[in-house]
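Try each task before you read its solution.

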Amino acid sequence: MYSTWSSAVLAVGLTPSFHRHISPAGEKLRQLCKSSYFSESSTKRRRSVALLASSSSGRILKIGENSEADKRLSLKDYFEQSEYLFRSDGGPPRWFSPLECASQLDDSPLLLSLPAIDGLGSMLTLHFQSLGKIFDIWCLHIPIDDRTPFPELVKGVVETIRSEHCHSPKRPIYLVAESFGGCLALAVASCCPDIDLLLVLANPATSFSKSQLQPLIPLLEIMPDISRFSVPYMLSFLADIPSKMVMGTLEERLPVQQTIGDITDASIALSSYLSVMADVLSTESLLWKLKMVKSASAYANSRLHAVKSETLVLSSGRDLLLPSVEEGERLQKVLPKCKVRTFNDSGHAFFLERTHDLVSILMGTSFYRRGAYHNYASDYIPPSPSEFRKIYESTSWLENATSPVVMSTIESGKIVRGLAGIPKEGPVLYVGNHMMLGLELAPLVTRFMVERDILLRGMAHPLMFTKLKEGNLPDVSSFDYVRVMGAVPVSATNFYRLFSVNSHILLYPGGVREALHRKGEEYKLFWPEQSEFIRMAARFGAKIIPFGAVGEDDIFQLLLDYNDQAKIPFLKSFYEELSKEAVNLRSDSTGEVTNQEQHMPVLLPKLPGRFYYLFGKPIGTAAIC
């Protein structure tokens with residue numbers, strides 16, 4: 001009925017403000033569905049929401065289905081889904097929950113997706129399958145002809161939040177929004193300071209007063225109806241959708257014939273979507289929506305002082321509709337608990353770019369949690385294959401330059417090439433030495449993933465997660481990829497939590513002092529005098545594998561170390577201030593390991609060079625208990 005996109009409204013449960021409504025088209029499609037599409041848990045829920053299924057193959061996906069061919073939807077699916085939603089025959093705003101998101105964890109937080117200016121609620125289509133594994137997702141759909149005032153929309157979302165909070169008071173609630181939805185999310189958060197809300201805002205329209213869309217309002221008021229057919233196309237190109245559609249497909253690195261086919265299919269879907277938009281989106285509707293965004297921006301800005309929620313702002317550097325980078329910086333100063341991540345090559349339609357994986361962004365910013373506090377062990381989700389490939393490719397130059405050789409020790413004591421001596425099951429603790437700047441880390445972690453599918457959870461310095469004050473140390477956003485790969489701040493609590501979930505833990509007792517060693521200290525260990533890990537490992541019966549890494553000091557010549565640079569007065573003062581920006585570990589210890597001056601040694605490359613890793617025989621600790 002609507003191209004190849006299938007949709008079924010199975011049930012609707014709405015808040016008092018968002019009245020119960022099933023459209024005739026939805027009712028007709030519902031007759032084609034069977035109750036088996038409900039899982040047992042969903043039928044027992046206190047309140048159900050509308051369930052929409054989408055598939056480019058034209059079939060309805062069942063709850064719990066997990067085919068390899070349908071791991072992630074595409075822009076073609078988004079256009080076909082949006083085309084259907086544009087054809088909706090009206091009704092009040094309502095929530096729907098995609099069937100792709102029906103297999104979430106039992107303790108998943110609630111994610112409310114708030115729509116952009118189009119009101120469709122389908123902006124997270126490309127992320128549904130990955131988000132659906134860790135969230136209970138509800139999407140707000142505002143029909144194209146709906147004229148609900150902005151304050152009423154705020155009231156409706158607030159009532160939904162309070163109802164769900166009353167039902168599950170310990171469950172965090174996420175508001176994920178783009179553009180206009182960002183204003184709605186901030187306005188809602190200002191009304192719920194007593195509820196645990198987390199906001200994820202992509203290019204929020206709180207900067208609408210500086211938008212390129214502002215001149216459209218007086219123009220549309222005098223524009224003849226016939227001119228409205230060009231508006232959807234103009235908005236599409238301003239949002240950079242066509243180029244992102246092509247780039248996203250190219251980055252999949254599929255065979256040429258398949259790539260051309262995918263681009264062709266997506267182009268046809270885009271053309272159909274724009275045609276439907278032009279037919280349905282009247283001048284009156286567009287003018288209403290633009291005025292709605294304008295009032296929403298003013299409404300949200302007037303209430304920013306009341307927003308207490310944790311907020312993550314995602315700013316696009318190539319947003320042609322809004323000054324999103326500047327707005328992100330402004331919101332970071334205004335909101336008390338706000339993080340900002342800037343994506344220089346992204347356009348306005350951030351969530352429609354296949355280069356972004358929202359789950360990885362949440363992991364990289366430590367913004368995902370199931371309880372009142374973030375747990376680095378239980379709240380962590382490993383990177384998807386595509387995300388791991390991106391990280392691997394960004395560091396592959398180091399592996400290509402150093403051609404690492406990895407050796408391990410099997411049970412008989414024989415040393416073999418490769419990681420055959422590494423146990424597959426955890427908990428396992430790997431204890432080794434840092435080389436200069438810790439450059440041995442990237443090839444080591446990727447080798448474990450590629451060869452054994454083992455993710456090493458590194459115990460990392462806290463400066464990668466937080467700064468005591470702003471200054472000259474790299475921003476914590478520089479280490480997002482480290483967090484995506486599972487690194488946690490080094491602490492006894494995190495150590496315990498990782499052991500409790502049977503992790504493979506990577507520990508460098510020498511820490512900063514070892515990674516920033518001085519001249520003549522090549523391959524010298526700077527370990528604390530008292531053991532910091534034996535008792536903890538023994539408590540869980542973990543295996544301990546000592547390892548050594550050599551080679552980095554053979555490819556670099558240390559020209560100026562800390563002692564050399566400290567003789568220069570302004571450099572000494574600079575490094576002292578630099579060290580005050582980072583948490584000082586082992587302040588209660590003694591010995592050289594406590595000297596953790598942050599600085600940058602001056603190195604001179606020398607070739608040839610190669611990295612070598614040797615993993616010893618696993619040491620059991622079960623008997624120690």
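Predicted model: local features only at pLDDT ≥ 70, side-chain atom pairs only at ≥ 80, totals over all residues.

**Exercise 1.** Decide whether Val602 is buried, partly exposed or exposed.

*Solution.* First locate Val602, which is found in strand 17. Then take its relative accessibility, 32%. Buried means under 20% and exposed means over 50%, with partly exposed in between. Val602 therefore counts as partly exposed.

**Exercise 2.** Describe the course of helix 14 (residues 385-402) and its buried side.

*Solution.* Begin with length: helix 14 has 18 residues and reaches 24 Å from first to last C-alpha, close to the 26 Å expected. Now follow its axis, which bends by about 50° at Thr395. Thr395 is also one of the buried residues, among them Phe388, Ile391 and Leu398. What do these buried residues pack against? Their partners are helix 13 (358-364), helix 15 (441-452) and helix 16 (480-484). Finally, step past the end: just after helix 14, Ser403 takes a positive phi of about 40°.

**Exercise 3.** Find the span of helix 5 (residues 150-167) and list its buried residues.

*Solution.* The 18 residues of helix 5 reach 26 Å between the first and last C-alpha, close to the 26 Å expected. Its buried residues are Phe150, Leu153, Val154, Gly156, Val157, Val158, Thr160, Ile161 and Glu164. To read such a list, recall that an α-helix has 3.6 residues a turn, so residues three or four places apart point the same way.

Note on methods
Residues numbered from 1 in each chain as written. Heavy atoms only, no water. Helix = DSSP H or I, 4+ residues; strand = E, 2+ residues; numbered from the N terminus. Buried < 20%, exposed > 50% of the residue type's maximum accessible area, 1.4 Å probe, protein only. Expected span 1.5 Å × (residues − 1). Bend = angle between axes of the 7 residues up to and from the residue. Contact = heavy atoms within 4.5 Å.
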